[in-house]
Structure formats: structure tokens, C-alpha cells
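These are my notebook entries on one structure. I record what I looked up, topic by topic.

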Amino acid sequence: MSEAHLVKRIGYVGIGVADVDRATDFYERVGQLSLSERTPEGAFLTGGVEHHWLRLYKSQAPGDFRVGYEAVDAAALEEIAARLDARGIAYEEGGDLSVDRIDRSIRFRNPDGVELEIFTQMMELPTPPRQTTVKMLKLLHAVWSTQDVVAGYQFHADVLGFRDSDWLERRVVFLRCADGYHHSAGLAATPGPAALQHFCILVDTIDDVMRARNNALDQGAELLQDLLRHAASGSIGVYVKDPDLNFSVEFCTSHPQIEDEGYRARILPKSAVTSDLWQEKPPAAAMAPSLPLLAPALEAAPAPRKRA
Ligand SMILES: [Fe+2]
């Protein structure tokens, strides 16, 4: 019997930006999120009744980020604080509702220096935002880099009670919390300082993914990866590049929830097919990937020789 979960769900992603107005415009037009509140220091955007899924704040170091998770209850927050104390990891008490729009929280940095915030409750909006063409269901996850995936997994499991859903060798791990979604967090081995790789919005159907994709292209955004299906979670999604920073926003659908009982994380190869099941090639094509297509072969054919 595994121990109880401490984290209920992902709450928000906070991103430091150079120009809050420009970033807000991008996440409204391309991200299709709704502005819930603009403050002198930043902006809060959402796709649901939760006050924010995305918090943008003015930063001297654009690309700074923080990921917020909601604790299962107040006792779980206390337990996480006690586990940080036991490891000698400092944390700040936060969660000023009038500023942060969350109640009671603790903020700390994981061993890679990534700032995490665990809160008890987020303000909700009286009415959900109007969703026109893309039906959004929730903020689903954030994936960031780490120096050592196994050590990173151990920290997030031991301190936050996350469970491993799948591994890509020991180079990526997907972590779930109490809401059961395959991953609410992902850690990927990447050299250099810890950085946000992407955050993901779960949408209702493939039609919503495609409408989000086509709108992004219409608005002049760039796709970091076009439509694909991940082997680990089975989700189908696209990745739209942030115009100023080195990460993307993913729109995905068909992301499963896992029952903890009896589940064991798989170790999958880190390969093109694991990343996108639709990249699997039939054996003949895999053996001879460079067979020329008919048209280029004809173009390349030598001109008929004249008779001597
Ligand atoms: Fe993702």
C-alpha cells in the first residue's frame, strides 16, 4: 500500500517575462487564454474557472519560472513543510490572497533550483471564461529540465509524494499526483541550468487541438513540434513556441488518468517512436529509408545519349 498523496493537482505556471503586455497578448491571441487580472507587476490568465493557469510577471531574467501545485489539504501542506525542514531546505511562507490569488502557501527551490509553490486554495472566477473555438479542460502539466533525473524523481517523490508514471530510460520521468493524470510534472535530463521545457493545456478533442494549432499558425506563431502522439501517455498534441523564450505551450487531448493500485511505471526507450508513435516505419522503409521517389528519380535520370 503506497502512502497518501500530498499534491492534488497542478495549479499554475509562473513565467518571468521582459514585456508583460507583449506576453499577455501572445497568450491571449495564440494561447487562447483569458485575462483574469492585470496588475502593475504582471498578468493572470486562465482557461477555466480557476483564477489563473498562467501568471506572467515582469522579470530582469526572462525565462525564470515557478510551478504551483495545490496541496490535497492543509495537513498535506504541513507534511511537505516538515519534510523540507527535515532536509534543511528553506522555504518562504506565501500566499497573500490579495496579491497572489492563492491562499496560504510555501515556496521553495528543488535541488536544481526550480522554484515550486504548494498552496492550499486558489481563488475562483464567478463565471468561466468564454471559450470560442477551443474547449479547454485544464492546465495539465509542466515539464522542466534537471541535471539528474533519478535524483530529481527521488526528491519529488519523497517530499511531494509524486509517483512515477513512466520513464524514458532514466532520462525523462513523468510524475503524477492525486488527480491521477499521467503526468502533472515531467523531469528531463538536460545539461545547463534548469529551464522550463513546456507547459500543457488539456483540450477536449482532436478538433480542439487542431483549431488551437491552426489559430497559432494564423497568428504567425511557430510550431516547435506538429501533431504527434506520445507513447508514454498516449496523448495527442502540438507544441507552439513562445515567441521570446525557449519553451513551448502544448495543446493536447486523450491524456489518461491512472489508478494507483497495482500500477507500475514502465521504462521505455528514449526514441523517435516513443516521442511520436506515428513515426513508426514499416520494416521495408526502415531498412531502406533513402529509396528515391519516382519524380526526383526521373528528374535525375541522365539525358538520352545521341548516336555516334
Ligand atoms: Fe507535455
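**Model.** I worked from a predicted model, in which local features need pLDDT of at least 70 and side-chain atom pairs count only at pLDDT 80 or more, while totals for chains, interfaces and linings use all residues. Residues are numbered from 1 along each chain as its sequence is written, and side-chain values use heavy atoms, with hydrogens and water left out.

H141 in strand β9 (residues 136-146) and E250 in strand β16 (residues 248-253) are 109 residues apart, and the pair links distant parts of the chain. Helices (H or I, at least four residues) and strands (E, at least two) are DSSP runs, numbered from the N terminus. I found both H141 and E250 buried; buried means under 20% relative accessible area, exposed over 50%, and partly exposed in between (1.4 Å probe, protein chains only).

**Cores.** A nonpolar core is a set of buried Ala, Val, Leu, Ile, Met, Phe, Trp, Tyr and Cys residues joined through side-chain atoms within 4.5 Å. The largest has 65 residues, of which I15, Y69, W144 and F199 touch the most other members. Helix α4 (residues 149-160) gives this core its largest share, six residues. I recorded a separate core of six residues, including L168, V172, F174 and A188.

**Pocket.** I read the lining of the largest pocket as 19 nonpolar, 18 polar and eight charged residues. Here Ala, Val, Leu, Ile, Met, Phe, Trp, Tyr, Cys and Pro count as nonpolar, Asp, Glu, Lys and Arg as charged, and the others, Gly among them, as polar.

**Loop residues.** D260 is found in the loop between β16 and β17 (266-268) and is partly exposed, with a relative accessible area of 24%. I noted that D260 and R163 are 97 residues apart in sequence and 8.6 Å apart in space, C-alpha to C-alpha. Q32, in the loop between α1 (20-29) and β2 (34-38), has a positive phi near 60°. R101, in the loop between α3 (97-100) and β7 (102-109), also has a positive phi, near 60°.
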